[in-house]
Amino acid sequence: MRRPAYYAGMAVLSLLFVYPIVWSGWSSVRLGDAFSLDSYRKLAEYGEGVGVYLTNTVILVLFTVAGTLLVATFAGYAFARFRFPGKGLLFVLILAILMVPYPTILIPLYVLLGWLGLQDSLLGLALVMIMFQLPFAVFMMRNAFESVPRTLDEAAMIDGCGSFGALVRVLLPAVVPGLVTVGLFAFLASWNDYVAPLILISSNERFTLPVAVVNMRLHNFGAVDYPTMQAGVVFMALPCLAIFLLLQRYYVRGFMSGALRG
Amino acid sequence: MSNSLGVRARPDRVTGAAPPAPPRRRSSGLTGLAYAAPAAVIVALFFLLPLGLVVWMSLNKWPLLAPPTFNAPGNYTQIADNALVLDAVVFTLKYTAVVTVLLFSVAFGLALLVQHRRPGIGFFRGAFFLPAAVGWATATLLFFGLLSDQIGPLNDLLEGIGLIDAPVSWTAGDPAVAFGSTVTLVIWRWAGFNMLILLTGLQAIPNEIYEAARVDGASAFQAFRRITLPLMRPTIALVLCLMITGSLLGFEQFYILTRGGPGSSTTSVVMVIVREAFVRFNLGSAAAMSVLVLAALVLLNALQLAFIRRRNS
């Protein structure tokens with residue numbers, strides 16, 4: 001392919017993919033033909049106040065990321081370094097979560113969380129999000145621990161560390177890239193997910209950002225406030241875009257890991 | 001984005017099969033079990049239990065607020081009489097076929113365009129992937145604004161170049177137009193994601209094979225048919241599997257962008273399930289539909305897995 005033609009074609013294609021995102025940012029700061037931050041002011045006062053939805057989302061993200069890291073680190077350590085009864089079965093069950101379509105299991109989870117006293121709660125939602133993260137996270141952490149030479153933790157044990165001491169002092173620093181990737185994907189899932197909070201959260205004051213902002217479109221009683229909605233879109237998209245641009249290495253590692261292969 | 005998406009030639013570790021662990025002196029079975037316990041509890045409580053519960057719910061009349069009563073197989077027989085369900089199944093299958101063909105073509109085309117290292121390639125890869133960095137619901141809402149007559153640029157643009165005479169309602173007018181909008185949204189948001197997976201497959205093919213083919217006088221098209229396609233088969237199977245499953249379970253692109261309309265022309269199976277449970281408050285019936293979807297998808301996944309395995313061996 002000749003170079004100028006190739007680059008011209010690629011430039012047009014890139015524009016098609018990037019344009020909607022740029023347009024969204026542009027339209028969120030326009031009022032008529034002038035620059036205005038009005039839509040962001042309206043967004044701040046929307047519903048219970050965008051601060052409430054942001055707080056809910058941040059709580060959900062913190063629970064999900066911390067919980068996923070904790071559970072997947074221990075499980076990855078167990079699968080990489082120990083033999084225990086039911087090891088093979090548990091690993092297959094964790095991977096089987098990938099086989100089960102997300103929306104179909106949310107209806108029984110709605111009932112189950114009610115029984116556990118966790119209906120309409122961010123903690124219950126976080127536990128469900130952690131479960132959905134497990135296949136990717138455990139697979140990733142198991143591989144991360146396996147790529148650390150065994151001599152490293154064996155030396156620590158000879159020096160008197162228990163298995164927990166070896167994990168915390170010697171192994172964890174060696175698996176930081178894996179932890180970043182797992183935490184990154186847990187963040188993206190809990191920050192962005194719409195279906196699980198839609199079904200498992202029912203009070204307005206506990207809505208996460210995606211549910212609250214989508215409600216501008218669904219429960220508008222006639223008129224959608226488009227610029228404010230686009231301000232909401234930009235507000236939700238910016239952290240994800242920033243993370244993508246800053247942490248690309250970890251991002252791509254997640255894709256390449258093969259955990260997506262189910 | 002200049003050095004972005006430096007996809008490595010080979011993933012550093014391939015799926016599954018870890019080297020067998022040598023027996024360990026220090027580790028008693030209990031220690032490992034203790035570390036695996038939190039994961040085991042989560043799997044049991046939030047995965048296995050709901051799987052059993054959904055089957056049990058499907059055998060009961062299960063209103064949202066009143067106690068359940070056993071009514072098997074009432075929920076299943078009712079599904080057959082529900083015209084909305086049958087329409088949704090037909091629509092979802094049609095949608096899946098259209099999206100899989102178009103999305104795969106676009107994603108594979110993009111992957112072929114960006115497979116070779118050359119100046120600026122990282123920028124193009126990043127640009128194509130950028131929509132996938134935004135959340136799915138966020139992207140859907142973004143598209144809803146983009147296609148709106150009020151702030152969206154599309155109608156003005158098309159009127160300006162004379163393609164349309166009057167503003168078009170892209171999400172609520174003609175069913176075929178609304179359908180096209182959802183497909184466009186899905187391609188925009190997911191093409192780069194699938195491109196990236198296909199790109200790793202392409203880059204895992206050693207260059208020497210292409211060089212040998214060139215020496216033997218093979219044309220670019222022959223090399224593509226005889227080398228690229230056969231060696232890409234596992235990656236292609238994976239991508240198709242993700243596309244088909246994702247489309248069969250499509251929800252946001254309909255619930256948010258078109259609200260299942262106009263009429264119920266873009267109402268998907270998952271939308272019907274959610275509506276059955278939380279608008280009509282009939283959890284038992286929704287559970288029965290979930291069980292059927294679950295069974296269909298597990299079967300589909302198993303078939304695809306068997307297909308991939310056989311091709312690999």
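Me: Buried area is the accessible area that two parts lose on being put together, summed over both. In this predicted model, how much area is buried between chain B and chain A, and what percentage do carbon and sulfur atoms give?

Reply: The contact between the two chains takes 97 residues from chain B and 94 residues from chain A. Three residues, B:Tyr35, B:Phe46 and B:Phe47, supply 9% of the area that chain B buries against chain A, which is more than any other three residues. For the two chains together, the buried area comes to about 8,900 Å², and the part that carbon and sulfur atoms give is 77%.

Me: How many residue pairs are in polar contact between chain B and chain A, and which element of chain B gives the largest share of the side that touches chain A?

Reply: Between chain B and chain A the count of salt bridges is zero, while eight residue pairs, with both residues at pLDDT 80 or more, are in polar contact. Among the elements that give two or more residues to the side of chain B that touches chain A are helix 3 (83–113), helix 7 (175–203) and helix 13 (283–312) of chain B. That side divides into 72 nonpolar, 19 polar and six charged residues. Its largest share, 21 residues, comes from helix 1 of chain B.

Me: Is helix 12 of chain B mostly covered or mostly uncovered, and how many of its residues are buried?

Reply: Helix 12 of chain B spans residues 269–278, and a residue counts as buried when its relative accessible area is under 20%. The residues of this helix that are buried include B:Val269, B:Met271, B:Ile273 and also B:Glu276. Helix 12 of chain B is therefore mostly covered, since the number of buried residues among its 10 is eight.

Me: Where does A:Thr208 lie, and is this residue buried or exposed?

Reply: A:Thr208 is found in the loop between helix 10 (195–200) and helix 11 (209–218) of chain A. Leaving out residues up to four places away in sequence, A:Thr208 touches A:Tyr53, A:Thr57, A:Leu60, A:Leu122 and A:Pro197. Because its relative accessibility is 2%, A:Thr208 counts as buried.

Me: Which backbone atom lies 2.9 Å from a polar atom of the side chain of A:Ser36?

Reply: A:Ser36 lies in the loop between strand 2 (34–35) and helix 2 (38–45) of chain A, and at 14% relative accessibility A:Ser36 counts as buried. Apart from its neighbours within four places in sequence, A:Ser36 is in contact with A:Ser28, A:Val29, A:Arg30 and A:Leu31. The atom lying 2.9 Å from a polar atom of its side chain is the backbone nitrogen of A:Asp38.

Definitions and conventions. Residues numbered from 1 in each chain as written. Chains lettered and ligands numbered in written order. Predicted model: local features only at pLDDT ≥ 70, side-chain atom pairs only at ≥ 80, totals over all residues. Heavy atoms only, no water. Helix = DSSP H or I, 4+ residues; strand = E, 2+ residues; numbered from the N terminus. Buried < 20%, exposed > 50% of the residue type's maximum accessible area, 1.4 Å probe, protein only. Contact = heavy atoms within 4.5 Å. Buried area = accessible area lost by both parts, 1.4 Å probe. Salt bridge = Lys/Arg side-chain N within 4 Å of Asp/Glu carboxyl O. Polar contact = N/O pair within 3.5 Å; in protein donor to acceptor, adjacent residues only side chain to side chain. Nonpolar A, V, L, I, M, F, W, Y, C, P; charged D, E, K, R; others polar.
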